[in-house]
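Please look over the sequence and the structure below before reading on. The report that follows takes up a few local features, then helix packing, then a pocket.

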Amino acid sequence: MKNPEIKTVQGILELRELRKNLPAPVGLIPTMGYLHEGHLSLVKQAKEECASVVVSIFVNPSQFGPQEDLSSYPRDLQRDLQLLQETGADLVWNPTTEDMYPQGYQTWVELEELVKPLEGSMRPGHFKGVATVVSKLFNAVQPMKAYFGQKDAQQAAVIKRMAQDLNFPIEVVICPIVRAEDGLALSSRNIYLDKNERQAATVLYRSLQAAREAFGSGERNAGNLRHIVSDMVNREALAKLQYVSCADAETLGELERVSAKALLSMAVYFGKTRLIDNIILE
Ligand SMILES: Nc1ncnc2c1ncn2[C@@H]1O[C@H](COP(=O)(O)OP(=O)(O)OP(=O)(O)O)[C@@H](O)[C@H]1O
Ligand SMILES: [Mg+2]
């Protein structure tokens, strides 16, 4: 059966009007667009669990650092709408920067501890932008459930914590990482990679798998697990490792030994393109 025509809306007041008529429960999937199967997996899971599915598409300037790729970030709204229509989303909210941050804007959401390590330490201010924009999306859409990907593991932890701390009556659902056939985690930023870099980028997942294998054979020394990853990345000529972490999956604090659930995560540059990936060890 063909899906009903998807609705798109830009302004917050129009969004609120359309939101009133959506059957409950409403699910929200926040995205920055240039959609791929990772995003669509979130939409599909929301469709399973919710009567109405809202997707926001907003390239949020406040989560990009001054040296980051805001101006070159890939965009293709027509293609995104086509994919969301086919997948069966009900409403797409595509606000402008002016809609979200009008003249005089000055209110921000910040977390104290969870944002300090990993991505937060490499991208100062990133999670302030993320937590703020997601709060604004939550307030505007008022979903019962919101869907995020495990690819951005620290983001998932930050949003869960924030939703709890600020009493958002929203269940935060974390969905598994969708990967290409060769293991590379899907990301909108993969489009930046040239042919050789795309080939080399398989080293993220390959190195995580090597560490998982060692963990399976009983390796519990976190330093050794980190070393397995860094060693493999360092042998890939096109890859430049930014960090590898073996941290407590709850607190994100770096570990010496793995005893409870651990997050093994990494960031790697290929030229100017920065990719992240992770696995859970338990
Ligand atoms: N491969 C993936 N599998 C599952 N979820 C994903 C995947 N990639 C992105 N997501 C999730 O989709 C949501 C929107 O992410 P976003 O629009 O930033 O896409 P992205 O691919 O992460 O882009 P970029 O890598 O450029 O940040 C986030 O919750 C993110 O974790
Ligand atoms: Mg992203």
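## Backbone, helix packing and a pocket

Gln-142 lies in the loop between α6 (126–141) and β5 (145–149), where helices (H or I, at least four residues) and strands (E, at least two) are DSSP runs, numbered from the N terminus. This is a predicted model, in which local features need pLDDT of at least 70 and side-chain atom pairs count only at pLDDT 80 or more, while totals for chains, interfaces and linings use all residues. Residues are numbered from 1 along each chain as its sequence is written, chains are lettered from A and ligands numbered from 1 in the order in which they are written, and side-chain values use heavy atoms, with hydrogens and water left out.

The phi of Gln-142 is near 50 degrees, a positive value in a residue other than glycine. Another backbone feature is found at Pro-25, in the loop between α1 (12–20) and β2 (26–31): the peptide bond from Ala-24 to Pro-25 is cis, with omega near -5 degrees. Most residues other than glycine have a negative phi, and most peptide bonds are trans.

The table gives the packing of two helix pairs, with axes as lines fitted to C-alpha atoms, for helices over the stretch in contact, and angles running from 0 to 180 degrees between N-to-C directions.

| Helix pair | Angle | Axis separation |
|---|---|---|
| α6 and α7 | about 50 degrees | 10 Å |
| α9 and α10 | about 150 degrees | 9 Å |

The angle makes α6 oblique to α7, and α9 and α10 are therefore roughly antiparallel to each other; angles under 35 degrees count as roughly parallel, over 145 as roughly antiparallel, 65 to 115 as roughly perpendicular and the rest as oblique.

Where α6 meets α7, in contact (heavy atoms within 4.5 Å), the residues of α6 include Phe-127, Val-130 and Phe-138, and those of α7 include Val-158, Ile-159 and Met-162. By class, this contact has eight nonpolar, three polar and no charged residues, with Ala, Val, Leu, Ile, Met, Phe, Trp, Tyr, Cys and Pro counted as nonpolar, Asp, Glu, Lys and Arg as charged, and the others, Gly among them, as polar. In the other pair, residues of α9 including Leu-208 and Phe-215 meet residues of α10 including Ile-228 and Met-232, and the contact of α9 with α10 divides into 11 nonpolar, one polar and one charged.

Helix α7 (residues 153–165) also gives the most to the lining of the second largest pocket, with six residues. The residues of that lining divide into nine nonpolar, three polar and four charged.
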